[in-house]
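Welcome! Please take a moment to look at the sequence and the 3D picture below, and then we will walk through them together.

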Amino acid sequence: MIRGVIFDLDGVLVSTDELHYQAWKRLANELGIMDFGRKDNERQRGVSRMASLEIVLEKGTKKYTDEEKRALAEKKNDYYKKSLQSLSPEDVLPGAKEALEMLRERGVLTAVGSASKNAPEILERIELMPLLDKISCGLDITRSKPDPEVFLVAAEKLGLAPEDCLVVEDSAAGIQAARNGGMKTLAVGPLSGQLGGDFEARNLSSVENWDEIL
Ligand code: BG6
Ligand code: MG
């Protein structure tokens with residue numbers, strides 16, 4: 001029986017996946033990489049900031065030192081953080097708030113399990129903090145998805161065994177991470193049909209039967 005649901009953040013609860021894409025595209029173009037596109041961005045879903053940078057840099061020919069790479073990742077994060085300034089509850093994805101409310105009503109615990117170090121700021125801005133029992137994010141972990149660490153930390157914070165948790169994800173790395181952690185999975189988002197989750201839905205408002213999942 002599912003006693004806790006762990007939600008990825010970017011692209012699952014909030015539309016910040018698009019803001020990540022715009023910030024990386026801006027950086028890529030500044031580096032002379034003009035053909036960075038949405039297909040490349042699909043692979044950035046769920047993976048860490050530095051791993052996302054590598055996906056940009058592999059499209060170009062120039063080699064960068066570790067120090068230069070850190071500066072580039074910081075530059076992207078500055079662009080991204082600027083775009084977060086206008087983030088509001090209107091950017092919560094369809095059905096996300098309703099799903100959190102429904103779970104609370106049923107007595108199912110809720111958490112965020114996100115690779116992002118910006119997760120606390122985002123959750124404050126979109127005002128979902130009161131509907132979440134625990135947060136596990138990029139600030140809590142050293143290994144990124146597909147390593148299960150971020151979800152195992154979330155389960156532990158909830159006081160639940162991994163097998164009693166469902167993970168909701170929009171990324172291949174995230175579905176793999178949940179599976180590696182021994183959790184059930186619900187795939188959502190534009191790639192939901194190709195992620196191989198135990199369950200799938202275009203978004204949280206189109207989940208047909210929560211009873212079947214829980
Ligand atoms: C994930 C995103 O949620 O967070 C990735 O899907 C991103 O694209 C990662 O790279 C890290 O985010 P941040 O905000 O710490 O750079
Ligand atoms: Mg995501």
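## A pair to begin with

Which residue in β4 does Val 5 stand opposite? The residue opposite Val 5 is Leu 166 in β4.

Before we go on, some ground rules: this is a predicted model, in which local features need pLDDT of at least 70 and side-chain atom pairs count only at pLDDT 80 or more, while totals for chains, interfaces and linings use all residues. Residues are numbered from 1 along each chain as its sequence is written, and chains are lettered from A and ligands numbered from 1 in the order in which they are written.

## The sheet

Helices (H or I, at least four residues) and strands (E, at least two) are DSSP runs, numbered from the N terminus. Six strands form an open sheet with parallel pairing, in the order β3-β2-β1-β4-β5-β6. The edges belong to β3 and β6 (199–200), each with a single partner strand, so one side of each has no neighbour in the sheet. Two strands count as paired if DSSP finds at least two bridges between them.

## Strand β4 and its neighbours

Let's visit β4, residues 165–169. Strand β1 (residues 4–7) runs parallel to β4 and is joined to it by four bridges. Strand β5 (residues 184–187) also pairs with β4 in the parallel sense, over four bridges. Here Leu 166 has Lys 184 of β5 as its bridge partner. Together with helix α8 (residues 172–180), β4 and β5 make a right-handed β-α-β unit. Right-handed means that, with the strands pointing away from the viewer, the path from the first strand over the helix to the second runs clockwise.

Is β4 mostly covered or uncovered? It is mostly covered, as five of its five residues are buried. A residue is buried if 20 or more other C-beta atoms lie within 10 Å of its own, exposed if 12 or fewer, and partly exposed in between, with C-beta atoms placed from the backbone. In a regular strand the side chains alternate between the two faces of the sheet. In β4, Cys 165, Val 167 and Glu 169 point one way, and Leu 166 and Val 168 point the other way.

Helix α7 (residues 149–158) is largely enclosed by the rest of the structure because seven of its 10 residues are buried. Among them are Phe 151, Val 153 and Leu 158. The buried residues of α7 pack against β1, β2 (109–113), β3 (134–136), β4 and α8. Contact here means that the C-beta atoms of two residues, placed from the backbone, lie within 7 Å. After α7 comes Gly 159, with a positive phi near 75°.

Ile 141 sits in the loop between β3 and α7. Ile 141 is buried, having 20 other C-beta atoms within 10 Å. Not counting residues up to four places away in sequence, Ile 141 touches Glu 149, Val 150 and Val 153. Ile 141 and Val 153 are 12 residues apart in sequence, and their C-alpha atoms are 8.1 Å apart in space.

## Helix α1

Helix α1 (residues 16–30) has 15 residues and reaches 21 Å from its first C-alpha to its last. Its buried residues, including Leu 19 and Trp 24, pack against α2 (38–44), α3 (49–57), α4 (66–84) and α6 (119–125).

Methods. Expected span 1.5 Å × (residues − 1).
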